[in-house]
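Here are my notes on this entry, as numbered points. Please read them with the model open.

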Amino acid sequence: MASVTLSEAEKVYIVHGVQEDLRVDGRSCEDYRCAEVETDVVSNTSGSARVKLGHTDILVGVKAEMGTPKLEKPKEGFLEFFVDCSANAAPEFEGRGGDELGTEIANTLYRIFNNKSSIDLESLCISPREHCWVLYVDVLLLECGGNLFDAISIAVKAALFNTRKRRRCETEQTV
């Protein structure tokens, strides 16, 4: 993640806020921001979700496509992540400013979801060594107002929960 340099005065301000159980926005240290979660928001995806957490706004779309299992895990499907830090989300994302952060978040998501405790990857296998479901998870950061990893994690989980494998006759199966 991008490093942030704080002045001594800012550090003191933060420490005093923690000691007084008060955040800058008036919440206590243990108060949560209100979260809004909406699923099935993008019609041309296999699953989608939009999460608003404070002033952070995240849109996630999941596309399920058939692929070939990875050699090291022949009985599992897998997930691929792409994170786009929109220039509209924060001025520092203009140009290629959000690319490094997007890559870091995508790598973190891969580490989080590339295990059996997060998602049943074996259920994504159709035929060992031959066919599996690949879930392409696209994350779009629409507005950045803090709690980035929390908001993205919630949005990805909601979109995956909403994901259906669609057949040609448009019947649905839950992943």
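1. Start with Arg-50, which is partly exposed at 28% relative accessibility. Its salt-bridge partner is Asp-57, with the closest N and O atoms 2.5 Å apart. Asp-57 has 8% relative accessibility, so it counts as buried. The cut-off for buried is under 20%. Bear in mind that this is a predicted model.

2. The search of the whole structure finds 3 salt bridges. Another of them joins Glu-80 to Lys-70, and here the closest N and O atoms are 4.0 Å apart. This pair links distant parts of the chain, 10 residues apart. Glu-80 sits in strand β4 (residues 78-85), while Lys-70 is in the loop between β3 (56-67) and β4. Glu-80 has a relative accessible area of 32% and is therefore partly exposed. Lys-70 is also partly exposed, with 24%.

3. Glu-8 and Lys-11 form a salt bridge too, their closest N and O atoms lying 3.5 Å apart. Both residues belong to helix α1 (residues 8-19). They are 3 residues apart, about one turn of the helix. Glu-8 is exposed, at 56% relative accessibility. Lys-11 reaches 39% and counts as partly exposed. As background, side chains of opposite charge can pair when their charged atoms come close.

4. Which residues form the nonpolar patch on the surface? They are Leu-6, Tyr-13, Ile-14, Val-18 and Val-24. Together they have about 500 Å² of accessible area. Val-18 lies in helix α1. Its relative accessibility is 54%, so Val-18 counts as exposed.

5. Two backbone angles deserve a look. Asp-40 is not a glycine, yet its phi is positive, near 60°. Asp-40 is in the loop between β1 (35-39) and β2 (47-53). With 52% relative accessibility, Asp-40 counts as exposed, because the cut-off for exposed is over 50%.

6. Arg-129 is the other case to check. Its phi is about 70°, again positive in a residue that is not a glycine. Where is Arg-129 found? Its place is the loop between β5 (125-127) and β6 (131-143). Arg-129 is exposed, at 60% relative accessibility.

7. Now the overall fold. The protein has 3 helices and 8 strands. From the N terminus on, the order is α-β-β-β-β-α-β-β-α-β-β. Take contacts between residues at least 6 apart in sequence: 63% of them join residues at least 24 apart.

8. On dimensions and surface: the C-alpha atoms fill a box of roughly 60 × 35 × 30 Å along the principal axes. The protein has 175 residues, and 34% of them count as buried.

9. Last, the annotation. An unreviewed UniProt entry gives "domain: Exoribonuclease phosphorolytic" for residues 32-164. That label comes from the record and may be inferred rather than shown by experiment. Over residues 32-164, the chain is 23% helix and 37% strand. The end C-alpha atoms of this stretch are 31 Å apart.

Technical notes
Residues are numbered from 1 along each chain as its sequence is written. This is a predicted model: local features need pLDDT of at least 70, side-chain atom pairs count only at pLDDT 80 or more; totals for chains, interfaces and linings use all residues. Side-chain values use heavy atoms; hydrogens and water are left out. Helices (H or I, at least four residues) and strands (E, at least two) are DSSP runs, numbered from the N terminus. A salt bridge is a side-chain nitrogen of Lys or Arg within 4 Å of a carboxyl oxygen of Asp or Glu. Buried means under 20% relative accessible area, exposed over 50%, partly exposed in between (1.4 Å probe, protein chains only). Patches are made of residues with over 30% relative accessible area and no salt bridge: like charges are joined within 9 Å, nonpolar side chains (Val, Leu, Ile, Met, Phe, Trp, Tyr) within 5 Å. Accessible areas come from the Shrake-Rupley method with a 1.4 Å probe; for residues, only the protein chains shown count as cover. Contact means heavy atoms within 4.5 Å.
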